[in-house]
Every structure is written in structure tokens, then in C-alpha cells.
Amino acid sequence: MWFAKSAPEVLTECKVDPATGLTTEEAQARLAQYGENKLEGKPKKSLIALFFSHLQDMLIYVLLGAAVITLVIGEYVDAIIILLVVFLNAAIGVIQEYKAEKAVEALQQMTTPKSLVKRDGQIQEINSEDIVVGDIVVIDAGRFIPADIRLIESANLQIEESALTGESVPSEKDANNIHPDPKTPIGDKTNMAFMSTLATYGRGEGVVVATAMETEIGKIAKILDEDIEEMTPLQKRLDELGRVLGFIAIAVCVLIFIIAFFQKRDLFEMFLTAISLAVAAIPEGLPAIVAIVLALGVTRMSKINAIVKKLPAVETLGSVSIICSDKTGTLTQNKMTVVKFYTLDNLQNVPSEGTGFEARQEEQELMKSFVLCSDATYEDGQGTGDPTEVALIVLGDKYDLSRQRLHTEYKRVGEKPFDSDRKLMSTLNQEGTGYRVHTKGAIDNILKIAKNALVNGQVVPLTAEMKANYLQVAEAMSDDALRVLGAAYKDTDRVIDPEEMEQDLTVLGIVGMIDPPRLEVKDSIAQAKSAGITPVMITGDHKNTAAAIAKELGIASALEQSITGTEIDALSEEEFAGKINNYRVFARVSPEHKVKIVKAYQEQGNVVSMTGDGVNDAPSLKNADIGVAMGITGTDVSKSASDMILADDNFTTIVHAIEEGRNIYNNIRKSVIFLLSCNLGEVVAIFASVLFFWPVPLLATQILWINLITDTLPAIALGVDPGDKEVMKKKPRDPKESFFAGGAGARAVLGGTLIGVLTLVAFYFGLNEYGYSLGSANIPEEVLTYARTMAFVVLAGSQLFYSFAMRSPTKSIFQLGLFSNKYLVVAVVVGFMLQLGVITIPFLADAFKLQMLSGGDWGIVILFSLIPLTLNEIAKIFMRMTAKN
């Protein structure tokens, strides 16, 4: 709590003389004691460790089990195929995440390489890594702050802290201030300077009170290094699904052995059958298909300027219910802009775009004084210097009062720099044969030292009524969250001393400026709200300013929906979590508050997205379900801590990304339900044959071929199905919602059962052609091969056709457009070609124990294959009629 102590107290505690600084010996001793002034991160995972971390998943375990089983029965090709699926799944995850954990490295790069310190009574430039607690640091404009410092001297010192606090305007610093309140927000600690912030104006000296991981930036680094291994909703669903399928496969095997034991069947034969059933129960291609669909989704999202770093983040976007957004640079443009100016009885709005506007004489004089009394520059859309002064230069440009022309024509010959006590700055410029003082600053301070006012081109005495008018307009501007600056002038016939400048001034008027909202954000917020998503603003800025912006954008409707960091601290975690839904604006918050806000929303069952661009946003980006960083204005730290980066810094892009995420989840769900329907069909066919003492209609290798080759292509094609245009008119998906919600489970069971029954019917037809039935004994091997080929083709064909029905639970394939998903059409065509190939190519037919069918039997199997699709489409007609009624 250095900010609560006086400078002499701090110096005493740090055991240092401000005149001479530390001795070299003392500095070396402290360096040995405290360590170097650089941020540390925990060791990063190697590529091998990353790879194995992607194998820790129940479905992967089940797949590896299937690979072992296929090796046991000597089907080496199938074992290799399964292992390739496992490898592909892990490799995709590793590639996506390899560069994801660079947050602390980016923080390390932010620390400044050189600093000015007093050592042995002399000012020296040293590496910032060698700075220790107690060092006296010299601060001047343009230098980064190398550590956390308690100021002991300051002269008009201003420090730009937006990366740390979120405030767009530099903070004015005063070494003499003391803040006794222990809960003083970072942005209000005017007697402190923090590591990695930038001095923009004035000068100062301070004593180092914290280095490395003990600094405010260091605290952020510690938060970023915490392991947050929360699974996404999709990962949770797949994990549960994997466990269920694994247990089902084991249960089915045990059940078959029990049945075989009572039926007195050959146990080795039943072992092979049990393996067939276990293979049938597991959708081997599922992990790879989900990874491929997510990877394709990532590619699609990059085209809308949303760069996703971690595959599961795509799906998480679909269930986002809260968007917590940083204000500065995210909802606003992060550049101060003059929006209003006032000369007596004349309030004008400033056009947002364009140049060449005309102004009255006193308005021109107002802008001229502001431009001449500024040190900033603005050329080719780029400003340097204080953001407030840049805004004034831009204002002049709009009214053809360019800085270059004015400064050339009216040369500066003297100045009185800004002072935080006076809150004024004055310059003396040549004006014709004489000179003119231009003063800018707080309007109430100008009115105290002014004598006249410029009204309708005439200098008139300043009355109490005029003063009240200026103050009333200034107050109205402040209520609208505008930052108010006044301007005045004084003519003189000689070069005068700075002490004489701010006397007997003539008031010109005031301007109101703000960091304006992004133009496109308001519509995006309205769209988010219509999709059942609550947008929330989190900022380091003042409450009134934040609330005004939030009202303008439609985030909040009243000031009562705002709360400050200090007010949050007054509540217990339980109280805060209980009241969190009452608030839409969180102002004057620290990085710790942002994390607390995100966690409070999560405790209420929300899936939280956090957008931001500053170092101060990094911890909350990492803790959020989906952290979204700005690509252009975002710091390396925020980008590294995030799950997604907006390449265009456009808040609107996140709404488009959420829409894309919802559609991707829906597509993954279609793929999963399709695969499970197919696998259930296989289980039904084999289990029924065991139960009723029939020959097994499919071999394990044939099932593997269908699961890994035939099913996979339509499943991937369903994963890239064109999106539902009405998806943003629905509420966010409940993250606890099952894959099988909304009747999907019933459809999977009915579809799978139908496919299984038709497979058995086809098997029966194949046996019947040779005069055998399902209950016949001693069926010749060639007859079984023919019947299994018919069952094999019907199983694959019905699954391929059934994929068309999976595109929508209610819309027919004609309403959707048969060719609106060209990938699916191609997948089905290729699937049938592969089936034909595996039957007709001799070495494949021998490997899979299949043979060519007659022309008539091809007609039968195609007819059977179309039945599940046809019945599903008929069912949809009744469902639509019921929905209408």
C-alpha cells in the first residue's frame, strides 16, 4: 500500500537517499536477494507432451481398444486405419494449439530494455532487468516505466495507462497525493507509476517499490499462468458419449457371451461376434470427423475476420449467453474526438467525417487558439502526442485550420506549460505586428482569470450571467460523458513572461470531446440481444462516462445498471454473484475485478465471452469460456491469452462469429446423430442375429469399412452444411443440453432400428435365393458370403441415403434444396462408388469376404436402401402439419 504513504515514509522504508540513489554494492546485493526485474512463466509443454495431452479422451481410449481388438483377430489393415484416425485427431489439435500459450512471453517482451536511474549520486542508463526495489528512477516523456514506482517528484507528469486500466486518456500524476483508501482503483493511484505504461508528458522521479512478478503486470502474469482446464460444452458431451459407448460396447460383449453360454454355441465364434458388436457400437471416425468439422469451421471463420486459435472455441461460441466487452478500443474507437463546441449562446455539433466546413469568426478563433496551444501532431491519419490535443488538431483540420499552416503563420515565442494545479496551458504566439496569448484548460479556472468574452465578433465585458451560461453548458456536456475544455486569449504588444500570460483573458468558448462508439456496434448489440445474448460493458473508465456510452449503444438503460470496482469490493462473492444480473456496466475495475465478474456470470450458468485489447484484459480473457482479443489494437498479451482474435477489431465480427459457432455446433450434432444412427443399425442387426440363433449378417472387417470409409464422408459433408438463416432468432443453447435433445435421440433410435431391420431383411433375401432361411443349419460359406454382401450393400446404401434426411429435423430435402449441400451429394456418390469397388475389385472382395451381386439383387438392395429416407421424409410432413396446428 505504497500509495497510502507519503514519499518520505516510502524512502525510509526502502532505505534510499533520493539525492544519490543506491550504491552499486547495495544494488548488487538487492539484485541477488530479489532477482532480476523480468517476468517469469512456467515451462511450456513440448510438442510431444501436447500430442499426448490430446490422447486423454474416453473416445480415444475406446478407439485404441478397438485397434487392440483388431490386432488380436489379425485384421492388421483395420488396426492401422484406426491408429491413423487417432493420430490425425491428435495432430489437428496440436497444430491449432502450438502457438496458443505465449501470454507471459509477450509480457516479457513488453518490459523496457533501458531505464534512467540514480546510482552512486549519478544518473545512469541501465538495463531494466537490473532495476531493484529502492532504485530512484528518472521519468521523462516518451519513456516506458520499468517497474512499479512510488513518485517522489512530478512536474506536469502524464502517463498513458490504457493497456493496464482501459482508460483512453493519459492519467495526470502528482507525487504529493496520498490515497488512504486501501481499495483505491489502479486508475486513481495518482502518486504511482506502473511497469510497462508510457510517460507522455512532463517529467518525474520515483522510488521502485515492486519489480518483476510483484508488479501489477506481474500479478497479471501470475493469473495467466494458472491452469484453467475447463472443458467446453462439446468436449463434455463427447466425453460423456465416449464413456457411454465404451460401457455399451463392454456390456454388449458380456451379454453375448451369456446368451452364447445358454445357447451352447461355439465360444470362439461368439468371441469374434462379440468383437463385431463392439466394433459396431463404436463410431470409429467420430473424433476425427469432429476435429475435421471444427478445423473447416475455423477456416470458414477466418474469412469473416475471426481467427480461432483453439478448435473447441468454435463450438463454445454457439452457446455464448453473455458478451463482456471492454469499452476502450472495443466498443469505442480509442481516439478522443471533439463532438461539440460552444461559443456564447451558440452550441454546434461537429461533423464526424469530412473537411472544409465553415465556421463563424468567434468559432474560428476558438479552434485557432486550441490548435496553437497544442504540442500534438496529426498527419495522414496518424496522431502523436496527448490524445486530447490530437483531437483538437483534428477539429482544426475539419474547419481548414491546419496545424502546419497556423504554427508557420503564428510562430510560438513563449509558453507556460500545463500544470495539474492550475489545469491550464498557455502559449505566446506572434500575431501580425504584436503577440497573442492562447490559453486552454478547465473552463471554471479560465472564468476565474478572464475579464472579457468574444461575442458576435466583439470583445465585451464578462458578466456573471455569461459565466453561468458557460458553466451550465459545460455541466450539460459533462452529464453526456464529454470531457470539457475551455479556451481564451489575450493580445499584447510585447513578449511577456509566463507569469503575466494568464491574466485578464478574453473567453472564446468550450469544446466537448469523447472517445466515440464504433458506428457499427449499435446494430450488432441489437442483433446479439435478439439472439438472447446479453452484452455487458467492463471498463477502467469512470462510471458516468461508461454509462453514457452504454446507453447510447443500447447496452444499458439507466445509471442504476452500473457498478464500480469499489462497490464490487464491498460485496461478498455470494452477494455479487446473486446481484450480477442487475448490472450491464462495470466501471473503474481492475484486472482482478474483471476475472471476478466473468466467474460470477459463470456461476449463474452462463457461457461467457470476454472481448478486450489491453494487458489488463488478459486474465479475464483466459478465464472466460471464450476470450476474444482485438487483432489490430490488441496487445500481444491479450492475443496470446485469448481463444479467438478479431482481425478487423470489429465488435460486429464477434456477433457473426457467434452465428457461425451456432451453425457449426448444429452441424456437428447432425454428424454425431447420423453416425450413432448408423452404428445402432449395425448393433441391431448383429444383436438380433445372436439373440435368435441366426448366422451373423456382417463381419467385423465389413463393419469397420462402413464405419471408417462409407459413413465418414457424409458425416463430414453434414459438418459443412449451409447454416440455418434463422439461427440468431433463437436463444443460446443451454450448455447442459444433451446431443439428443429436441427429439434427436428418438430419431436416432428409430432410424438406426429401421436400418438394422432392413439389413437383416436383405440378409434373409440373399439366403432365400439359395433356398436357405435364417434358421437353417450348415449354410455353405459361399451362400453366407452372397447374403452378407446384400446385407453389406443395404447397410451402407441406407446410411448414405439417410444422410440427406439428417440435414433438418422438420424441413424436407426439397425445401432445403437437394443440391444446396453439394459436398453431401458428392459424398453419397463417392460412397456408392467405394461400395461398388470393394465388391468388384478381386483383392478387396477377397479381403472383405464379399462378391458381385446380380442385376436384380442390385435393384432390391437400392430399393431397401431408400426406405429409411422415404419414411423419414413422410414423417416430416406430419411433423410440419402438427406444428402448424
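Let us start by selecting Glu362, which counts as buried at 4% relative accessibility (buried means under 20% relative accessible area, exposed over 50%, and partly exposed in between, with a 1.4 Å probe and protein chains only). What you have open is a predicted model, in which local features need pLDDT of at least 70 and side-chain atom pairs count only at pLDDT 80 or more, while totals for chains, interfaces and linings use all residues. Residues are numbered from 1 along each chain as its sequence is written, and side-chain values use heavy atoms, with hydrogens and water left out.

**Stop 1**

Glu362 is buried, whereas Arg360 is partly exposed, with a relative accessible area of 35%. Side chains of opposite charge can pair when their charged atoms come close.

**Stop 2: the whole chain**

Now zoom out. The C-alpha atoms fill a box of roughly 125 × 70 × 50 Å, taken along the principal axes. Color by secondary structure and you can look for 35 helices and 26 strands (these are DSSP runs numbered from the N terminus: helices are H or I with at least four residues, strands are E with at least two). Of the 885 residues in the chain, 57% are buried. Among contacts with a separation of 6 or more, 71% join residues 24 or more positions apart (contact means heavy atoms within 4.5 Å).

**Stop 3: more salt bridges**

How many salt bridges does the structure hold? There are 31. Select Glu161 and Lys173, whose side chains form one of them at 2.8 Å, N to O. Glu161 sits in the loop between strand S4 (148-160) and helix H7 (162-165), and Lys173 in the loop between strand S5 (171-172) and strand S6 (192-193), so this pair ties together parts that are twelve residues apart in sequence. Is this pair buried or exposed? Both Glu161 and Lys173 are buried.

For a network, select Glu365, Lys368, Glu431, Arg436 and Asp491, which are linked by salt bridges.

**Stop 4**

Next, pick Glu415 and Arg412. Their side chains meet in a salt bridge of 3.5 Å, N to O. Glu415 is partly exposed at 34% relative accessibility, and Arg412 is partly exposed at 27%.

Leaving aside neighbours within four places in sequence, Pro498 is in contact with Glu415 and Lys416. You will find Pro498 in helix H19 (residues 498-501), and at 28% relative accessibility Pro498 counts as partly exposed. To try the distance tool, draw a line from Pro498 to Ser6: the two are 492 residues apart in sequence and 31 Å apart in space, C-alpha to C-alpha.

**Stop 4: the cysteines**

How many disulfides does a search of the whole structure find? It finds zero (a disulfide is a pair of cysteine sulfur atoms within 2.5 Å). Two cysteines to click on are Cys14, buried with a relative accessible area of 4%, and Cys678, buried at 0%.

**Stop 5: empty spaces**

Rolling a probe the size of a water molecule over the atoms shows where empty space is left. On a 1 Å grid over the protein atoms alone, a cavity is a set of points where a 1.4 Å probe fits but cannot get out, and a pocket is an open set with protein on both sides within 12 Å along at least five of seven lines; lining residues have an atom within 4 Å of a point. Grid points are joined across faces, edges and corners, and a volume is the space filled by probe spheres set on the points.

There are five cavities of 30 Å³ or more. The largest has a volume of about 60 Å³; select residues of its lining, including Leu164, Pro185, Gly540 and Arg588. The second largest cavity has a volume of about 40 Å³, and strands S1 (114-119) and S3 (136-140) each supply at least two residues of its lining.

Finish at the second largest pocket, with a volume of about 1,500 Å³. Of its 50 lining residues, the closest to its centre are Gln333, Asn334, Lys335, Met336 and Thr337. Which element gives the most to this lining? Highlight H15, with five residues.

Definitions and conventions:
Salt bridge = Lys/Arg side-chain N within 4 Å of Asp/Glu carboxyl O.
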